Structures are given as structure tokens and as C-alpha cells.
Amino acid sequence: MSWFENKVIYITGGSAGIGKAIAKKCLNAGASVVITGRNKESLNSAVLELSKVSKNILGHEADVSNHEQVSASVIEALNAFGKIDGLVNNAPSIHTGLLQDLSYEAWRTNFKANLDGVFLLCQKILPQMHTIGSGSIVNISSVVGLKGTQYMGAYGAAKAGLINLTQTMAIEN
């Protein structure tokens, strides 16, 4: 029996790449999965593809940096499955360029998806995990968060913040 059997895993940025691959692995292992994505077409395509692995897949069109969309998605996931056992914060945003040339909007966009969204989702899902007495959170970071990297300053700063946030959550929970 796999740990994932009868578990519910919520994955941000699950309509492509790493997120979709994680969703497929979880479904194959017996979990029910909720994936989020901002692009409706990509999300619907991913749900269709993943439903061939298991019918226990839900797709939510949501921007992880939007408090209302995050709240609605988590409530919908809890209504559908009754719990969330695992959270994978994977939704990325990478805006690159020399820091001196980067717009403030590009700077903030890196933080909204890579850090603010993680904070919002953890804040919504952690209390439910405490209530059921278990749960796991995986925050996808990057080696770029560990050292300065040309053209990746904003992304690296956001991922460095994510590493610290993850360490702090581990201590607090």
C-alpha cells in the first residue's frame, strides 16, 4: 500500500512541467489530486490528460497570488474531497533581466507567485492539516535562491525568501 492511497494532494502550477509530472505520479500512487493553473486551456488539457491516469483529478483555474481565488479553490477542494493531506507549492514566475533594467512590476510578479502565493496557500491549508493531525508541504525552490545569479536577481530573491519561509514554517509547525 502506498502512502498516497486515500490522500488528497493539492498542486499549484499543475497544468504543465514539474507540477503536472508530480500530479501524474501522485495519481498513479492512488491519490486524489487538485491542480491549479492560470491558463484555462492548459489546465483543461492537463486535466483531460491526467484523467486517463485516474478520475480523481480536479483542475482549478486560479492565480496563486490572488487571495480570493486561492480561498475559493481551497474551499472547493475541501468540499470535493473532505481534506487536503499534501500541498505542493510549485507555481512559478520567472521574470529575468539585469536588476538595473528590471521593472518594479516584473520584480513584484516574481514575489507574487514564488513567495506570496506560497504564504497564502499555507495559511489556508495548514489549519486544516492541524485539524486532521497530519499533512505534508513541499515548496519547490531553486538553487538560484542560494546564490546570486546574473539576470535572475528578482527570481533568486523570491526563492531565497521561500527557502527561509519553508525553514520558519518547519520550526513553527
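This is a predicted model: local features need pLDDT of at least 70, side-chain atom pairs count only at pLDDT 80 or more; totals for chains, interfaces and linings use all residues.

Trainee: How many helices and strands does the protein have?
Mentor: Five helices and five strands. Along the sequence they follow the pattern β-α-β-α-β-α-β-α-β-α.

Trainee: What makes the protein as compact as a globular protein of its length?
Mentor: Set its radius of gyration against the globule rule. The radius is 16 Å, and the rule gives 16 Å for 173 residues. The two values are close, so the protein is as compact as a globular protein of that length. As for the outline, the C-alpha atoms fill a box of roughly 50 × 40 × 30 Å along the principal axes.

Trainee: What share of the residues is buried?
Mentor: Buried residues make up 44% of the 173. To count as buried, a residue must have under 20% relative accessible area.

Trainee: What share of the contacts joins residues 24 or more positions apart?
Mentor: Take the contacts with a separation of 6 or more. Residues 24 or more positions apart account for 65% of them.

Trainee: How far apart are the mean positions of the positive and negative charges?
Mentor: They are 7 Å apart, for 14 positive and 12 negative charges.

Trainee: Now the strands. Why is β2 called largely enclosed?
Mentor: Count its buried residues. Strand β2 covers residues 32–37, and six of the six are buried, so the rest of the structure largely encloses it. Both faces are covered. S32, V34 and T36 are buried on one side, and V33, I35 and G37 on the other.

Trainee: How do you know that β1 and β2 pair?
Mentor: Pairing needs at least two bridges. Four bridges join β1, residues 8–11, to β2, so the pair passes the cut-off. The two strands run parallel. V8 stands opposite S32 in β2.

Trainee: Is N90 buried or exposed?
Mentor: N90 has 7% relative accessibility. The cut-off for buried is under 20%, so N90 counts as buried. N90 sits in the loop between β4 (86–89) and α4 (104–132). Beyond its neighbours within four places in sequence, N90 is in contact with T12, G13, I18, G19 and I140.

Trainee: What makes N6 exposed?
Mentor: Exposed means over 50%. N6 has 60% relative accessibility, so it counts as exposed. N6 belongs to the segment before β1. N6 also has a positive phi of about 65°, although it is not a glycine.

Trainee: Which phi value does Y151 have?
Mentor: Y151 has a positive phi of about 70°, and it is not a glycine. Y151 is placed in the loop between β5 (136–139) and α5 (153–172). At 43% relative accessibility, Y151 counts as partly exposed.

Trainee: Where is W3, and which residues is W3 in contact with?
Mentor: W3 is in the segment before β1. Apart from neighbours within four places in sequence, W3 is in contact with I9, D85 and S136. Contact means heavy atoms within 4.5 Å. W3 has 46% relative accessibility, so it counts as partly exposed.

Trainee: How far is W3 from A31?
Mentor: Their C-alpha atoms are separated by 8.7 Å, and the residues are 28 apart along the chain.

Trainee: Last one. Why is F119 not called buried?
Mentor: Buried would need under 20%. F119 has 42% relative accessibility, so it counts as partly exposed. F119 is found in helix α4.

Terms used
Residues are numbered from 1 along each chain as its sequence is written. Side-chain values use heavy atoms; hydrogens and water are left out. The radius of gyration is taken over C-alpha atoms; the globule rule is 2.2 Å times the number of residues to the power 0.38. Buried means under 20% relative accessible area, exposed over 50%, partly exposed in between (1.4 Å probe, protein chains only). Lys and Arg count as positive and Asp and Glu as negative; His and the chain ends are not counted. The place of a charge is taken as NZ of Lys, CZ of Arg, CG of Asp or CD of Glu.
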